[in-house]
Amino acid sequence: MSMADAIAIINKGKIQQVGTPDEVFNHPANEFVASFIGEPSMNLFNCVLRKKNGELFLRTENFEFMLPQEAKEKLEEKILPEEVRVGVRPTNIHIAKSKKDQNSIPAEIYIFEPFGRYTIVTAKVNNMLLKIKARGHFKAIEAESVWLNFDTNKLRFFDKKTGSAIIT
């Protein structure tokens, strides 16, 4: 990916997406592309989108947080199913030892894997495991309590039935 001007992602003989490495990584056409590109691969999970007091919330069985205005406007433009799949890259989840804001999600360290310049952290949020690519200086131990924040502008939404991207 680092040397190509354009790449094609093929699954079972069918082209899934053609684009620059940046386009394919940041705007995957479907769940297959989202999970195929990137190391570690994109975190994918089921959620429900709910309006409450004029705001749009993303809710899973494990957590809930408010989406930013930009995401709300894009999602409201689409005819959405209430239930969707959400994808977030491990680099777009931020991990901290203290709560940052009302969208912070409590979690615990499940696996901690240092790789020099970065660390792969698997965090457990109730029964959900999320991979996070943290900077190398982040240190933790198993079962330690931490807080997660998603870069909500980088969330990707997929149709639960087809796996196709709702917003690219």
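# Salt bridges, pocket and cavity in a predicted model

Me: Which residues line the largest pocket?
Reply: The model is a predicted one, in which local features need pLDDT of at least 70 and side-chain atom pairs count only at pLDDT 80 or more, while totals for chains, interfaces and linings use all residues. Residues are numbered from 1 along each chain as its sequence is written, and side-chain values use heavy atoms, with hydrogens and water left out. On a 1 Å grid over the protein atoms alone, a pocket is an open set of points with protein on both sides within 12 Å along at least five of seven lines, a cavity is a set where a 1.4 Å probe fits but cannot get out, and lining residues have an atom within 4 Å of a point. The largest pocket is lined by Thr91, Ile93, His94, Ile95, Tyr118, Lys133, Ala134, Arg135, His137 and Phe138.

Me: Which elements give two or more residues to the lining of the largest pocket?
Reply: Strands (E, at least two residues) and helices (H or I, at least four) are DSSP runs, numbered from the N terminus. The elements that give two or more residues to this lining are β7 (93–96) and β10 (128–135).

Me: How do the residues of the lining of the largest pocket divide by class?
Reply: Ala, Val, Leu, Ile, Met, Phe, Trp, Tyr, Cys and Pro count as nonpolar, Asp, Glu, Lys and Arg as charged, and the others, Gly among them, as polar. On that scheme, the lining of the largest pocket holds five nonpolar, three polar and two charged residues.

Me: What is the volume of the largest cavity?
Reply: A search of the whole structure finds one cavity of 30 Å³ or more. Its lining consists of Phe25, Asn26, Met42, Arg89, Asn92, Lys154 and Arg156. Grid points are joined across faces, edges and corners, and a volume is the space filled by probe spheres set on the points. The largest cavity has a volume of about 30 Å³.

Me: Which side chain meets that of Arg85 in a salt bridge?
Reply: A salt bridge is a side-chain nitrogen of Lys or Arg within 4 Å of a carboxyl oxygen of Asp or Glu, and the structure holds seven of them. For Arg85, the N to O distance is 3.1 Å, and the partner is Glu31.

Me: How many residues apart in sequence are the parts that Arg85 and Glu31 tie together?
Reply: Buried means under 20% relative accessible area, exposed over 50%, and partly exposed in between (1.4 Å probe, protein chains only). Arg85 is buried at 18%, and Glu31 is buried at 15%. Arg85 lies in strand β6 (residues 83–88) and Glu31 in helix α2 (residues 31–36), so the pair ties together parts that are apart in sequence by 54 residues.

Me: Where do Lys74 and Glu70 lie?
Reply: The side chains of Lys74 and Glu70 meet in a salt bridge (3.4 Å, N to O). Lys74 is partly exposed at 36%, as is Glu70 at 46%. The two residues are four places apart, about one turn of the helix, and both lie in helix α3.

Me: Which backbone nitrogen does the side chain of Thr60 reach?
Reply: Thr60 is in the loop between β4 (55–59) and β5 (64–66), and is buried at 9% relative accessibility. At 2.9 Å, its side chain reaches the backbone nitrogen of Asn62.

Technical notes: A polar contact is a pair of N or O atoms within 3.5 Å; within protein, one must be able to donate a hydrogen and the other to accept it, and residues adjacent in sequence count only if both atoms are side-chain atoms.
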